Amino acid sequence: MTQENRNPKQIIIEQITKDLSTNLDNLDSVWTNHPILLIRYGAKQAEAERIVSEEKNRIEGLESALYSLVRAARNMNGTKTSESSVEAMVKQIERHYSDDDIGVSLKTTFIDELPERVEVIAKTLVKARERYNETKELSDIYKAAVEALKHRRDMIVQASKKAILDYEILGAGTFSGKKA
């Protein structure tokens with residue numbers, strides 16, 4: 001697969017995989033590099049979680065605005081509407097303005113009764129939900145990377161113990177330095 005055909009998520013996963021690789025013949029370098037990787041991926045996870053939180057708040061605000069507009073329009077028409085009906089209408093509005101349901105026949109006559117700004121809010125909501133889902137996925141990837149680094153640390157500890165035993169018993173090992 002060429003560089004241009006790969007999506008950013010694939011590139012990130014490949015970089016994580018590369019960073020997780022361990023050269024057990026150079027444990028000094030591995031120990032030096034490990035905390036740097038842990039900080040790097042922990043920071044990326046925290047940033048992704050922050051964006052997820054911001055997008056979640058944004059989605060809630062946009063949904064609230066749509067709920068208010070639908071309720072107000074229904075009340076202006078003298079139509080009494082239950083909360084479950086309003087919720088279904090809001091979901092239908094979002095689906096109507098997303099590109100996911102092209103060709104699906106939805107009853108959308110009530111949308112014509114709503115103010116024009118509903119379209120802008122709904123399209124913004126669709127984009128916010130897409131960004132939320134993408135960022136949530138990245139957050140999960142970085143969380144997995146941090147977990148993998150914790151497992152990697154355990155592996156490094158075991159390799160270091162083995163190297164120390166090899167050094168003490170056989171006089172050979174992977175740590176640099178003079179033998180006492």
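**Helix packing and nonpolar cores in a predicted model**

Glu-94 is buried, with a relative accessible area of 13%, where buried means under 20% relative accessible area, exposed over 50% and partly exposed in between (1.4 Å probe, protein chains only). This is a predicted model, in which local features need pLDDT of at least 70 and side-chain atom pairs count only at pLDDT 80 or more, while totals for chains, interfaces and linings use all residues. Residues are numbered from 1 along each chain as its sequence is written, and side-chain values use heavy atoms, with hydrogens and water left out.

- Glu-94 is found in helix α3; helices (H or I, at least four residues) and strands (E, at least two) are DSSP runs, numbered from the N terminus.
- Leaving aside neighbours within four places in sequence, Glu-94 is in contact with Leu-125, Val-126 and Arg-129, contact meaning heavy atoms within 4.5 Å.
- Glu-134, which lies in helix α4, is exposed, with a relative accessible area of 52%.
- The C-alpha atoms of Glu-134 and Lys-9 are separated by 9.3 Å, although these residues are 125 residues apart along the chain.

**Packing of α3 with α4**

- The axes of α3 and α4 come within 9 Å and cross at roughly 80°; axes are lines fitted to C-alpha atoms, for helices over the stretch in contact, and angles run from 0 to 180 degrees between N-to-C directions.
- The two helices, α3 and α4, are therefore roughly perpendicular to each other (angles under 35 degrees count as roughly parallel, over 145 as roughly antiparallel, 65 to 115 as roughly perpendicular and the rest as oblique).
- Ile-93, Glu-94 and Tyr-97 of α3 make this contact with Val-118, Glu-119, Ala-122, Lys-123, Leu-125, Val-126 and Arg-129 of α4.
- By class, the contact of α3 with α4 has six nonpolar, no polar and four charged residues; Ala, Val, Leu, Ile, Met, Phe, Trp, Tyr, Cys and Pro count as nonpolar, Asp, Glu, Lys and Arg as charged, and the others, Gly among them, as polar.

- Helices α2 and α3 pack at an angle of about 120°, with their axes 10 Å apart.
- In a right-handed crossing, α2 passes α3; a crossing is left-handed if the near helix is turned anticlockwise from the far one by less than a right angle, and right-handed if clockwise.
- Leu-66, Tyr-67, Val-70, Arg-71 and Arg-74 in α2 meet Glu-83, Val-86, Glu-87, Met-89, Val-90 and Ile-93 in α3.
- This contact of α2 with α3 divides into seven nonpolar, no polar and four charged residues.
- The axes of α1 (residues 8-20) and α2 (residues 27-76) come within 11 Å and cross at roughly 155°, which makes α1 roughly antiparallel to α2.
- The crossing in which α1 passes α2 is left-handed, and the contact is made by Gln-15, Ile-16 and Asp-19 of α1 and Leu-37, Arg-40 and Tyr-41 of α2.

**Nonpolar cores**

- The largest nonpolar core has 20 residues, and those with the most contacts inside it are Leu-66, Val-70, Val-90, Ile-93, Phe-110, Leu-114 and Val-118; such a core is a set of buried Ala, Val, Leu, Ile, Met, Phe, Trp, Tyr and Cys residues joined through side-chain atoms within 4.5 Å.
- Two or more residues of this core come from each of α2, α3 (83-97) and α4 (117-170), and α2 gives the most, with seven residues.
- Not counting residues up to four places away in sequence, Val-70 touches Val-86, Met-89, Val-90, Ile-93 and Leu-114.
- Another core, of ten residues, lies apart from the largest one and includes Ile-16, Tyr-41, Ala-145 and Val-146.
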